[in-house]
Amino acid sequence: QVQVVESGGGLVQAGGSLRLSCTASGRFFSISAMGWYRQAPGKQRELVATIRSGGRTTYADSVKGRFTISRDNAKNAVYLQMTNVKPEDTAVYYCHVNTVEYTGTYGVVWGQGTQVTVSS
């Protein structure tokens with residue numbers, strides 16, 4: 001069983017900064033990728049950023065240059081540094097963890113979500 005816990009959401013003014021954290025714990029062989037998706041009211045969940053075990057990153061065009069994803073493999077943690085936030089960044093942010101099990105199978109575990117609200 002893998003547990004994923006997020007923290008760091010909240011209310012921030014446009015142009016401000018916020019840092020999200022996510023930590024995975026439990027039984028798994030390794031983590032292949034970690035990252036963040038978000039879902040705004042009435043919209044589909046969309047990719048924000050992901051980072052692979054080797055450090056390769058992927059960003060949504062809408063956050064490039066403003067958000068930075070990083071990872072601490074020793075802590076099984078991933079972070080999202082959000083700068084110059086905009087009202088359109090308002091959403092529930094979900095952490096995802098792609099695991100490799102001891103059986104060799106792959107799994108994806110999601111966090112419960114953390115609300116980010118950007119006021120104009």
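Reply: C22 and C95 form a disulfide, with their sulfur atoms 2.0 Å apart. Keep in mind that this is a predicted model.

Me: How many disulfides does the count come to?
Reply: The count comes to one disulfide.

Me: Which parts does the pair of C22 and C95 tie together?
Reply: Look up the element of each cysteine. C22 lies in strand β3 and C95 in strand β9, so the link ties together parts 73 residues apart in sequence.

Me: Is the link of C22 and C95 left-handed or right-handed?
Reply: Read the angle about the S-S bond. That angle is -80°, and the link is left-handed.

Me: Are C22 and C95 buried or exposed?
Reply: Both cysteines are buried.

Me: Now the strands. In which sense do β1 and β3 pair?
Reply: They pair in the antiparallel sense, over six bridges.

Me: How many bridges join β3 to β8?
Reply: Six bridges join them, and the two strands run antiparallel. Here S21 stands opposite Y79 in β8.

Me: How do side chains sit along a regular strand?
Reply: In general, they alternate between the two faces of the sheet.

Me: Which residue lies over the face of Y79?
Reply: R19 does, at 4.2 Å from the ring centre. A second case is R45, which lies over the face of W110 at 4.8 Å from the ring centre.

Me: How many aromatic pairs does a search of the whole structure find?
Reply: The search finds two. For each, read the centre distance and the angle between planes. F29 and Y102 are 5.7 Å apart centre to centre, with 75° between the planes, and the pair is edge-to-face. F29 is in the loop between β3 and β4, and Y102 is in the loop between β9 and β10, 73 residues apart.

Me: Why does Y102 count as exposed?
Reply: Because its relative accessibility is 52%, and the cut-off for exposed is over 50%. F29 is exposed too, with a relative accessible area of 55%.

Me: Why is the pair of Y37 and W110 edge-to-face?
Reply: The planes are at 75°, so the pair is edge-to-face; the ring centres are 5.3 Å apart. This pair also links distant parts of the chain: Y37 in strand β4 and W110 in strand β10, 73 residues apart. Y37 counts as partly exposed at 25% relative accessibility. W110 counts as partly exposed at 36%.

Me: How many residues does the largest nonpolar core have?
Reply: It has 30 residues. To find its centre of contacts, look at W36, L80, M82 and Y93, which have the most contacts inside the core. Elements giving two or more residues to this core include β1, β3, β4, β8 and β9.

Me: What is M82 in contact with, leaving aside its neighbours within four places in sequence?
Reply: Its contacts include L18, L20, F67, Y93 and V116. G16, S17 and R66 are also in contact with M82.

Me: Where does V12 lie?
Reply: V12 lies in strand β2, residues 10–13. At 9% relative accessibility, V12 counts as buried.

Me: What does V12 touch, not counting residues up to four places away in sequence?
Reply: V12 touches S17, L18, V85, T117, V118 and S119. V12 and S119 are 107 residues apart along the chain, and their C-alpha atoms are separated by 6.3 Å.

Methods: Residues numbered from 1 in each chain as written. Predicted model: local features only at pLDDT ≥ 70, side-chain atom pairs only at ≥ 80, totals over all residues. Heavy atoms only, no water. Helix = DSSP H or I, 4+ residues; strand = E, 2+ residues; numbered from the N terminus. Buried < 20%, exposed > 50% of the residue type's maximum accessible area, 1.4 Å probe, protein only. Contact = heavy atoms within 4.5 Å. Core = buried A, V, L, I, M, F, W, Y, C linked by side-chain atoms within 4.5 Å. Phe/Tyr/Trp six-rings, centres within 6.5 Å; stacked < 30°, edge-to-face > 60°. Lys NZ or Arg CZ within 6 Å of the ring centre and 35° of its normal. Pairing = 2+ DSSP bridges. Disulfide = S-S within 2.5 Å.
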